[in-house]
Amino acid sequence: MDRRWLAIVAGMATAIWAATSVQAAPCLIVTLTGVQSGPPIHEGQAGAGTLVRYGDDADNCSAVRLQFDTGRGTNQRLSQLGVTAGQLNAIFLTHMHSDHTEGLADVLLLRWNYDSAGPKLDILCSADAKSPLGHVMSCSNYVARVGEAFIASGEIAQRRAEDKSRLAGGPSDIANVVMFAPSNDPQVVWSSGDVKVTAVRSTHIPGHASYRVDTPAGSVVIAGDAGNDTFAPPRPSSTSAQVERLAQGADVIVHSTMHPVMGPDHDSGMPAPVYHRQAGTADLGAMAKRTGAKHLMLTHLAPALGAVRHGPYKVPDGPLTEEHYAKVVRDAGFSGNVVVGRDLASLRLPRK
Ligand SMILES: [Zn+2]
């Protein structure tokens, strides 16, 4: 082979290598599958949830699909993203409040119907947590019994008669519950290849946990409804010190928030303890600045954008816009990208 041909072959090899490298660039997509705060429903919003997808350009960042919380309507939003229940690698629950868990039976039933022959679905959550008031928050009980009404109605037996590959115990049989004891120190609770999920204890109700996903394309914290260990002022912040530690250096923070207009100094009618147990929007902006986040995704908005009421409480001075939320965050010193959550709001890292 003469020199000219060698140069051409070498050039082609470089081009192929470059094309392959571009294709294999890792990427991460964070999508809000539901932004509703609490039991009310505003204009069809889905209940709380966040889908985190990781992969590379060749697989549309979808080699791994992790769902954090499964509020009402999670399946609907996943279907709009082209994601089936059978494709999820794991579900992570922040706490046992229905606005974060109502969609779980739906997701598990769908997977049970069509993917019973496939792998079980990891469900990560806190070990049973006892409240000082005596009640016990139990994720393991919730998942174990999530199919009982469908068993009692006869549906599970009827569908199994049609397809014997469906698991005998119903939708809870498709779940593999992985419990951990949330603590102030971040602990790795799940990993797969390049993806690592870490959890900490955070305050809201007993057993509340917040998560961080680390990947080569970036990192995201899903805080859930985390608030401060001190339930009411005086306190340095309404945000969680544990979440702040977990979020150090993370690219994205996804966090529930309460707008200051609902505070006791306004006439919303919201009881002070309900107001104080969510992270205030200004405190969240200040926290995101301290941790060095590039993106702050506000979700579980109280009140919802455009709502005149939040459940039984009125929104003083009329409905809020995205700008009402973003301004509070910016005024608190956060100069990064603010996403004021709507269902299916999405962020890709690296950005295109
Ligand atoms: Zn909630």
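## A zinc site, cavities and a nonpolar core

Both His100 and Asp225 are buried, where buried means under 20% relative accessible area, exposed over 50% and partly exposed in between, for a 1.4 Å probe and protein chains only. The model is predicted, so local features need pLDDT of at least 70 and side-chain atom pairs count only at pLDDT 80 or more, while totals for chains, interfaces and linings use all residues. Residues are numbered from 1 along each chain as its sequence is written, and side-chain values use heavy atoms, with hydrogens and water left out.

**The zinc site**

- The protein donors of the zinc ion are Asp99 (OD), His100 (NE2), Asp225 (OD) and His300 (NE2), which lie 2.1 to 2.3 Å from the ion; donors are N, O and S atoms within 2.8 Å of the metal (3.2 Å for Na, K and Ca), and water is not among the atoms, so sites may look incomplete.
- In sequence, the spacing of these donor residues is D-H-x124-D-x74-H.

**Cavities**

- The structure holds 3 cavities of 30 Å³ or more, a cavity being a set of points on a 1 Å grid over the protein atoms alone where a 1.4 Å probe fits but cannot get out, and its lining residues having an atom within 4 Å of a point.
- About 80 Å³ of space lies in the largest cavity, and of the 13 residues that line this cavity, Ala48, Thr50, Asp69, Gly224 and Thr299 are the closest to its centre.
- Strand S2 (49–56), strand S13 (252–258) and strand S14 (295–302) each supply at least two residues of the lining of the largest cavity.
- The second largest cavity holds about 60 Å³ of space, and its lining includes Leu93, His95, Cys125 and Met137.

**The nonpolar core**

- The largest nonpolar core has 33 residues, of which Met262, Leu296, Leu298 and Val340 touch the most other members; such a core is a set of buried Ala, Val, Leu, Ile, Met, Phe, Trp, Tyr and Cys residues joined through side-chain atoms within 4.5 Å.
- Among the elements that give two or more residues to this core are helix H10 (281–291), helix H11 (322–331) and strand S17 (337–340), while S14 gives the largest share, 4 residues.

Note on methods:
On a 1 Å grid over the protein atoms alone, a cavity is a set of points where a 1.4 Å probe fits but cannot get out, and a pocket is an open set with protein on both sides within 12 Å along at least five of seven lines; lining residues have an atom within 4 Å of a point. Grid points are joined across faces, edges and corners, and a volume is the space filled by probe spheres set on the points.
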